[in-house]
Amino acid sequence: MDQSWAAAGNDGVNGSWRFGVLGDEAVIGVADEDMADFTRAASRIAESHAEKELDDPVVLGAAEMARRFLPDFLVEQLIRFRVAGNEPGTLLLRNLPVETALPKTPVDGKLAGPWAALPLSTLTQLSVMSVLGDTVSYADEKEGRLVQDICPQPGAEERQENSGSVLLDLHTEDSFHPCKPDYLSLYCLRSDPDDDAFTVTGSIRAALPLLSPACAATLREPLFRTRFSSSFTGDAEPRHTSPRPVLTGPADDPDLCVNFFGTQALGERAATALDELRGAVEKVLCGVVLRPGDMIVIDNRVAVHGRTGFTPRYDGTDRWLRRSFAVADLRPSRALRQGDSRVCAAIR
């Protein structure tokens, strides 16, 4: 077994989880030679379009077309994940290409320079995600960048956001948003030097058999509301969604939308059900310390994710992931986007 997939738990300072490993069916290894054609294609795209914004339809179109240079077995597994999913709602892609000369991890949460400063990893991520859907982002967060830098920031340590370093509680990404992503990916450029930062996922598909019928029924009622993330609202007054259910869809294969830090139960019965759900999800968690070239892909409709706490150094060597979102159908978000842009307008 790969050591990075050994079962582990977070320390007792900011909570604890116990988690296991993803099965072989959810882990896809890629050899260097498998990506040689794609690497050459990415270089050509970067040379041709380096002056364009990443949100330019020409660049996004080129990234989508470049997926024909991805290895067939990888595309096949991504299509299978898109169509049928899997029990953990997660895929781990290993040994994807990363630039050999990386800059220091940005302490302000943003790559210095244009997207073409990291052309290979940027285009790899966009091409992989294009197999699952259409790339989107949100103007409220990280300036609407389509590929976002996820790294610890000084002063944000205690925040329940990607910029923090305390335990990041389990959540559906942007669970409060009317057009939340269907998929997200986290692509590791640099590991946590101390190997303390485990990315953790848990799915309703695995947890559903652990729920009582009464709990599952309650979770389907509009008895829950979720607070908007402060990364969207800033220091404004807290804002919440209208009451809604946590589980939707078929009884034997529901969708899950919850943030265990920001979702509030409306009433004692709902609170009991939410606690039972948390307990069930925590029993089916899988975790990994992401290594350079690892990309974890999460079905945001069925799986929640989080991260164990770690201690940043702020010396340029800290953990550095890049995040990208995709939706299965771009049309429902059209009222939030202008023209061909993939950036959803602010919802404040």
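**Exercises on salt bridges and pockets**

D253 forms a salt bridge with R205, and the closest N and O atoms of the pair are 2.9 Å apart. The model is predicted.

**Exercise 1.** Determine which parts of the chain the D253 and R205 pair ties together, and classify the accessibility of D253 and of R205.

*Solution.* Step 1: place the residues.
Step 1: apply the cut-offs. Buried means under 20% relative accessible area and exposed over 50%, with partly exposed in between. D253 has 30% relative accessibility and counts as partly exposed. R205, with a relative accessible area of 25%, is partly exposed.
Step 2: look for shared partners elsewhere. Salt bridges that share partners join K110, E143 and R145 into one network.

**Exercise 2.** Locate the partners of D194 and D195, and state how far apart in sequence the joined parts are.

*Solution.* Step 1: take D194. Its side chain meets that of R313 in a salt bridge of 2.7 Å, N to O. R313 lies in the loop between β16 (303-307) and β17 (320-327) and D194 in the loop between β8 (183-190) and β9 (199-203), so the pair ties together parts that are 119 residues apart in sequence.
Step 1: check accessibility. R313 is partly exposed at 42%, and D194 is partly exposed at 35%.
Step 2: take D195. The side chains of D195 and R291 meet in a salt bridge, 2.7 Å from N to O. D195 lies in the loop between β8 and β9 and R291 in the loop between β14 (286-288) and β15 (295-299), so this pair ties together parts that are 96 residues apart in sequence.
Step 3: check accessibility again. D195 counts as partly exposed at 34%, and R291 is partly exposed at 27%.
Step 4: A search of the whole structure finds 17 salt bridges.

**Exercise 3.** Describe the lining of the largest pocket and of the second largest pocket.

*Solution.* Step 1: the largest pocket holds about 550 Å³ of space. Its lining has 35 residues, with Q160, E161, L168, H171 and S229 nearest the centre.
Step 1: β7 (168-171), β8, α7 (230-233), β16 and β17 each supply at least two residues of this lining. By class, the lining of the largest pocket has ten nonpolar, 14 polar and eleven charged residues.
Step 2: the second largest pocket has a volume of about 380 Å³. Of its 20 lining residues, E53, L54, W115, R145 and L146 lie nearest the centre. The lining of the second largest pocket divides into eight nonpolar, three polar and nine charged residues.

How values were computed:
Residues numbered from 1 in each chain as written. Predicted model: local features only at pLDDT ≥ 70, side-chain atom pairs only at ≥ 80, totals over all residues. Heavy atoms only, no water. Salt bridge = Lys/Arg side-chain N within 4 Å of Asp/Glu carboxyl O. Helix = DSSP H or I, 4+ residues; strand = E, 2+ residues; numbered from the N terminus. Buried < 20%, exposed > 50% of the residue type's maximum accessible area, 1.4 Å probe, protein only. 1 Å grid on protein atoms, 1.4 Å probe; cavity = no way out; pocket = protein on both sides within 12 Å on 5 of 7 lines; lining within 4 Å. Points joined across faces, edges and corners; volume = space filled by probe spheres on them. Nonpolar A, V, L, I, M, F, W, Y, C, P; charged D, E, K, R; others polar.
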